[in-house]
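Here is a short briefing to read alongside your structure. Take a look at the chain first, then follow the topics below.

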Amino acid sequence: MAAKKMMTVVQTGSENGQSPGMRETLRGLGLGRISSTREIEDTPSTRGMITKVRHLVRVEENVKGK
């Protein structure tokens, strides 16, 4: 069984002043405060969520097994 690709998402911007949809997307990613961090699975749906709030987050690819 192949290992799941994971990535770390760090919130870098405030949700204040953002549309309700962007706030909900941040909550869906498990974020809510500046510099909060979450390790999530790299799937097309999470990539889409990150694209929606790309100006509020930073993504770090996790390289396992090297």
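In this predicted model, Glu15 sits in the loop that runs between strand E1 (6-11) and helix H1 (20-28).

- Glu15 has a relative accessible area of 13%, so with the cut-off for buried at under 20%, Glu15 counts as buried.
- Its side chain makes a polar contact with the side chain of Arg27 at 2.8 Å.
- Leaving aside residues up to four places away in sequence, Glu15 touches Arg23, Leu26, Arg27 and Gly32.

**Strand E1 and its partners**
- E1 is largely enclosed by the rest of the structure, because five of its six residues are buried.
- E1 pairs with strand E2 (residues 37-41) in the antiparallel sense over five bridges, and Thr8 stands opposite Glu39 in E2.
- E1 also pairs with strand E3 (residues 57-61), in the antiparallel sense and over five bridges; here Val10 has Arg58 as its bridge partner.

**Salt bridges**
- The whole structure holds five salt bridges.
- One of them joins the side chains of Asp42 and Lys5 (3.8 Å, N to O); the two residues are 37 residues apart, with Asp42 in the loop between E2 and helix H2 (44-52) and Lys5 in the segment before E1.
- Lys5 is exposed, at 55% relative accessible area.
- Glu61 forms a salt bridge with Arg47, with the closest N and O atoms 2.7 Å apart; Glu61 is in strand E3 and Arg47 in helix H2, so this pair ties together parts 14 residues apart in sequence.
- The side chains of Arg58 and Glu60 also meet in a salt bridge (3.1 Å, N to O).

Definitions and conventions. Residues are numbered from 1 along each chain as its sequence is written. This is a predicted model: local features need pLDDT of at least 70, side-chain atom pairs count only at pLDDT 80 or more; totals for chains, interfaces and linings use all residues. Side-chain values use heavy atoms; hydrogens and water are left out. Helices (H or I, at least four residues) and strands (E, at least two) are DSSP runs, numbered from the N terminus. Buried means under 20% relative accessible area, exposed over 50%, partly exposed in between (1.4 Å probe, protein chains only). A polar contact is a pair of N or O atoms within 3.5 Å; within protein, one must be able to donate a hydrogen and the other to accept it, and residues adjacent in sequence count only if both atoms are side-chain atoms. Contact means heavy atoms within 4.5 Å. Two strands pair if DSSP finds at least two bridges between them. A salt bridge is a side-chain nitrogen of Lys or Arg within 4 Å of a carboxyl oxygen of Asp or Glu.
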